[in-house]
Amino acid sequence: MSDWPIVPFLIIFPLAIAFLMFVVRAEKVRSFIAYAGAVLIMVGVGILTYVWIDGGCETIKLYVDTEVADYTILGGEIILMFVVTFLSFKYKKYWVSLLSIIPTGGMIWLEFFGPQTARISHIYIDHLSILMCIIVGVIGGLIVIYATGYMHGYHAHHKEVQDRRHYFFMLLFLFLSAMFGFVLSESLLWIDFFWELTSVCSFLLIGYTREKEAVQNSFRALWMNLLGGCALAVGIIYFAVDIHTVSLHDLVYVSRVIGSPAAMIAVALVAFAALTKAAQLPFSTWLIGAMVAPTPSSALLHSATMVKAGIYILLRLSPAMSGTMTGMMISLIGGFTFLATSIMAIAQSDGKKILAFSTISNLGLMVACAGVGTPETMWAGVFLMIFHAISKSLLFQDVGATENSLHSRDVEDMHGLLYIMPKLAAFMFIGIAGMFLAPFGMLISKWSALRASVDERNVILVLFIVFGSATTSLYWTKWMGKLVSHTHLTEEKIKDVTRPTEMISLSIHAVLMILLCMLFPLLSTVYVNPLVSETFGASMNVLPVDILIVLAIIILLVFAVPVLAYIYSRKIAFNRKDSYMNGVNYGDNRSFVDSFGDRKTLWLSNHYYKDMVGKRKLMKPAQIFTMAVLIVMMAIIIGGNIGIH
């Protein structure tokens with residue numbers, strides 16, 4: 001296996017495709033290369049998974065002597081520093097460049113002037129890294145395929161935006177390369193580079209349109225993630241100087257088993273960095289601002305790449321955070337973020353903003369699970385990550401396709417979408433159901449997290465999960481109700497302009513969602529339980545396999561609702577005069593004559609409570625609270641361990 005080239009292929013091949021995307025300007029040729037590249041990446045992930053399973057699913061460590069690769073990665077980090085510095089000066093955000101210069105300078109010092117560190121394997125393959133590769137490769141590859149069709153419609157609709165699709169697709173493939181490197185790396189020095197690369201890629205994607213708002217939001221995302229990168233670099237350097245190793249698993253072991261103060265400080269700093277990458281309060285605004293970018297970049301950021309990098313690193317650190325002040329800090333921030341952003345999502349009518357707040361909210365629950373640091377919360381966090389990746393990618397792509405057809409992504413404009421564009425509505429229904437209905441894994445995972453919190457007697461987290469889940473159900477129910485409502489169908493003929501490549505990606509996502517739901521207990525038994533056992537050394541079995549039949553029956557009931565609504569709408573199409581609308585019905589169930597003889601149109605609209613729970617009302621207090629928690633707890637953690645040290 002040590003000679004098997006598939007690992008470097010997954011990191012280097014997307015880089016080569018990114019270069020081709022940038023230099024090839026012929027749209028048809030570029031689209032073909034994008035299709036082929038995405039498919040080959042998915043095939044590569046399949047080969048890696050097959051070889052790993054064929055080897056007995058054992059942990060594999062690769063590449064001890066990597067001097068050339070080490071210098072190449074350091075050189076790449078220096079290039080990123082120059083890119084950030086150049087753009088910071090170009091847009092007069094001078095201070096942002098310091099957040100790149102400082103950690104890069106630290107990595108240079110550690111590489112050339114720091115203490116001699118132990119020889120380690122630089123690539124680490126186990127259950128969690130394979131799972132992340134599958135999410136990045138499959139979901140990311142499908143998003144690329146979707147983007148080839150979507151970006152054509154995007155630029156047809158947004159004439160004011162310069163067509164730079166060659167640049168956009170270059171960044172997509174560069175992002176995939178960075179994520180593969182990140183989740184497969186064992187060396188903290190490599191992790192630091194790929195961490196910075198994802199930050200820069202997201203920055204460039206968010207600023208794609210070059211409009212004032214896009215530039216402003218992109219720099220907000222950049223400085224917040226670079227701030228986390230500074231904490232990551234400081235943690236790595238402090239740990240390497242004291243313990244003389246840069247292995248991620250050594251960091252977890254030394255902190256968990258030996259209880260080294262240096263390792264515990266490093267864990268706290270890396271966990272803080274993960275909060276910025278996972279867009280937790282008080283750093284959530286960068287992910288909300290990312291909505292200005294084209295939909296494929298939003299889907300990629302929210303489902304398979306950027307934010308999942310933060311969750312991945314927290315899951316790695318989870319055993320080291322169990323029962324510690326760091327774990328308490330992470331679970332408190334995550335739980336509060338889950339509740340606060342769920343409440344803020346109620347006030348949103350823009351589909352992409354709902355998805356953004358929902359992403360931050362669900363990431364908060366995953367963060368809380370990692371912070372608690374028990375086998376059961378690890379199990380819940382992994383399943384939350386799996387189902388969230390597919391559901392959110394499906395929903396973002398669907399909203400983007402719907403926007404290209406309706407020229408709006410407002411939920412209120414999706415009224416009766418099931419009868420106007422039934423395919424897109426069906427996909428949207430599946431995605432929404434996957435986020436909060438039984439028997440989809442998100443709901444079952446929340447139940448598992450709640451049970452674990454009760455077992456741990458964590459009253460605050462229990463309250464966060466209970467009320468956060470209730471508010472989650474509210475905004476998803478409002479959206480789902482809009483899709484199947486049948487009162488004010490638009491009189492304008494709506495043309496579905498969804499291209500075949502978009503439909504392929506949407507269909508595969510929907511099928512994956514349903515299959516995962518049906519195979520949920522089997523996946524738990526054969527994969528997630530061993531993952532938990534590998535991480536904690538304690539096996540568990542939350543769901544028995546025989547519950548599969550019950551879940552399958554519930555699935556049929558869930559999907560029967562929109563199907564029956566659509567069939568029923570066909571049957572009542574010629575009997576709409578029966579509806580009462582406070583006046584004489586015009587016979588179309590859209591308008592009526594009131595008591596003054598005036599014709600009125602009937603509208604059905606949701607309440608959004610913007611003045612009560614909108615972003616402007618709650619975001620600042622939530623940021624102040626979480627910032628205070630972070631400052632106090634980080635001061636206690638670092639001060640206490642330095643005193644012990």
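Modeller: The buried residues of helix 3 are Asp-70, Ile-73, Leu-74, Gly-76, Glu-77, Leu-80, Met-81, Val-84, Thr-85, Leu-87 and Ser-88. Buried means under 20% relative accessible area, exposed is over 50%, and partly exposed is in between, with a 1.4 Å probe and protein chains only. Helices are DSSP runs of H or I with at least four residues, strands are runs of E with at least two, and both are numbered from the N terminus.

Biologist: Before we go on, what kind of model is this?
Modeller: This is a predicted model, where local features need pLDDT of at least 70 and side-chain atom pairs count only at pLDDT 80 or more, while totals for chains, interfaces and linings use all residues. Residues are numbered from 1 along each chain as its sequence is written, and side-chain values use heavy atoms, with hydrogens and water left out.

Biologist: OK, back to helix 3. What covers its buried residues?
Modeller: The cover includes helix 4 (94-112), helix 7 (188-206) and helix 8 (212-243).

Biologist: And how many residues does helix 3 have?
Modeller: Helix 3 runs over residues 67-90, so to speak 24 residues, and spans 35 Å from first C-alpha to last. That is close to the 34 Å expected at 1.5 Å a residue, the expected span being 1.5 Å times one less than the number of residues. After helix 3 comes Lys-92, which has a positive phi, near 60 degrees.

Biologist: Zooming out, how many helices and strands in the chain?
Modeller: The chain has 25 helices and five strands. Of its 645 residues, 61% count as buried.

Biologist: How much of the contact set links residues 24 or more positions apart?
Modeller: Such pairs make up 82% of the contacts in the chain with a separation of 6 or more. A contact here is heavy atoms within 4.5 Å.

Biologist: Which residues touch the most other members of the largest nonpolar core?
Modeller: Ile-125, Trp-476 and Trp-479 do, in a core of 222 residues. Helix 16 (residues 375-406) gives the largest share of this core, 17 residues. By nonpolar core I mean a set of buried Ala, Val, Leu, Ile, Met, Phe, Trp, Tyr and Cys residues joined through side-chain atoms within 4.5 Å.

Biologist: What is Trp-476 in contact with?
Modeller: Setting aside neighbours within four places in sequence, Trp-476 contacts Ile-354, Leu-355, Ser-358, Leu-395, Ile-432, Met-435 and Phe-436.

Biologist: New topic. How many salt bridges does the structure hold?
Modeller: Eight. A salt bridge needs a side-chain nitrogen of Lys or Arg within 4 Å of a carboxyl oxygen of Asp or Glu. One of them joins Arg-165 and Glu-27, at 3.0 Å from N to O. Arg-165 lies in helix 6 (residues 165-184) and Glu-27 in helix 2 (residues 27-54), so this pair ties together parts 138 residues apart in sequence.

Biologist: Is Arg-165 buried or exposed?
Modeller: Buried, with a relative accessible area of 9%. Glu-27 is partly exposed at 32%. Glu-27, Asp-163 and Arg-165 are also linked in a network of salt bridges.

Biologist: How many disulfides?
Modeller: Zero in the whole structure, taking a disulfide as a pair of cysteine sulfur atoms within 2.5 Å. Cys-201 is buried at 1% relative accessible area, and Cys-369 is buried at 2%.

Biologist: Last one: where is His-607?
Modeller: His-607 is in the loop between strand 5 (599-601) and helix 24 (610-613), and it is exposed, with a relative accessible area of 58%.
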